[in-house]
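Visitor: I'm new to this one and would like a close look at a single part. Could you take me through it slowly?

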Amino acid sequence: MESSSNLNPLREDISDEEPIEAPASVFAARPLRPPSTSSSEKYSPVEWTSYFDKEDDISIPGSDDVFHVYMAGTEGPVVFFLHGGGYSGLSFSLVAGKVKEKARVVAMDLRGHGKSVSENELELSLETMSNDVLAVIKELYGDSPPAIVLVGHSMGGSVAVQVAASKALPSLAGLVVVDVVEGTAIASLMHMQKILSNRMQHFPSIQKAIEYSVRGGSLRNIDSARVSIPTTLKYDDSKQCYVYRTRLAETEQYWKDWYDGLSEKFLSSPVPKLLLLAGTDRLDRTLTIGQMQGKFQMIVVKHTGHAIQEDVPEEFADLVLNFISRNRIGPHGVEIPGSWKPSQPKT
């Protein structure tokens, strides 16, 4: 879920149609800009195929739930990406394009998001979403899944931590949580309905939605927005426009549960852990103590908004790959130097 600080409008760039005035003097001269592309071209959608190798629909036995996944890479551990509320698996597109060179990648559309279809789209309880992730992993890999590094952004970070805390995934080898901290998240919930209602709700085209996300400041990378935004929308025939695919405002009953106890669950997960934050002010007391005790690695990624993986995808990919390398996570788990036999994940 987006935080309030990232929905405040930023100063919009000078439009392509704005005339450039003559300089007052030769010292104030600046070169004329080259002809720019039209707005519709600049913000036109881009296919996921530039970053992922394939997509698939994963049907869950005994239900009508079908979860959409994007996959890439052929070797190494599996980096399993879980997006935030209102985003989709394509939020990690540009990251996947780099991570797939050294690891396998799976990015899942969670319940009620993207191209996934479920019996109850609004059942976004932490337990239900965590069970969805476990069910998809089981369908993908059977009873012997490879080493998995869960990477969760915002709401998806809470889901990743819940999966880790459940101890239902024995092959879990690492946990990366992106820009979500219990104290800050719970404190911001009182503002979320207002933030959601203040967003632009209707878009005449996908291009306009992409432009709004970038110029409004919720995303700061046009290349990422052009891939990720289209699957966060759906066309409303009755209104003859595009609206948000996920009905987040109707899931308020679950919001507090996403974040209650998050810090303790994160610290107790018996695998290597990395917390990526967009600002140091987000640490709560529990995490501050845990960080001082060396229970997890923390990195503050500067000059980004809430969606770190979209704003600086190359840096984000490097951080994930460095985490995997630093903790010697191979396709079968944490590897002992000089041995192919996997060891138990280190604490």
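Visitor: Leaving aside its neighbours within four places in sequence, which residues is Phe80 in contact with?

Guide: Before we zoom in, a word on what you're looking at: residues are numbered from 1 along each chain as its sequence is written, and side-chain values use heavy atoms, with hydrogens and water left out. It's a predicted model, where local features need pLDDT of at least 70 and side-chain atom pairs count only at pLDDT 80 or more, while totals for chains, interfaces and linings use all residues.

Now to Phe80. Setting aside neighbours within four places in sequence, Phe80 is in contact (heavy atoms within 4.5 Å) with Val106, Met108, Val133, Val136, Ile137, Leu140, Ile148, Val149, Leu150 and Val151. Phe80 also belongs to the largest nonpolar core, which has 50 residues, and together with Trp258 it has the most contacts inside that core. A nonpolar core here is a set of buried Ala, Val, Leu, Ile, Met, Phe, Trp, Tyr and Cys residues joined through side-chain atoms within 4.5 Å. Buried means under 20% relative accessible area, exposed means over 50%, and partly exposed is in between, using a 1.4 Å probe and protein chains only. Apart from this core lies another one, of 38 residues, including Leu94, Ala147, Val151 and Ala278.

Follow the chain on from Ile148 and you're in strand E5 (148-153); Ser154 sits in the loop between that strand and helix H4 (155-166). Helices (H or I, at least four residues) and strands (E, at least two) are DSSP runs, numbered from the N terminus. Ser154 has 2% relative accessibility, so it counts as buried.

Ser154 also turns up in a record: the unreviewed UniProt entry has an "active site" annotation covering Ser154, Asp179 and His306. They span 153 residues in sequence, yet no two of their C-alpha atoms are more than 8.3 Å apart, so they gather at one spot. UniProt positions are in the numbering used here, feature names are shortened, and annotations may be inferred rather than shown by experiment.

As for His306, look in the loop between strand E10 (297-300) and helix H11 (308-311). His306 is buried too, with a relative accessible area of 3%. Its side chain makes a polar contact with the side chain of Ser154, at 3.0 Å. That term means a pair of N or O atoms within 3.5 Å; within protein, one must be able to donate a hydrogen and the other to accept it, and residues adjacent in sequence count only if both atoms are side-chain atoms.
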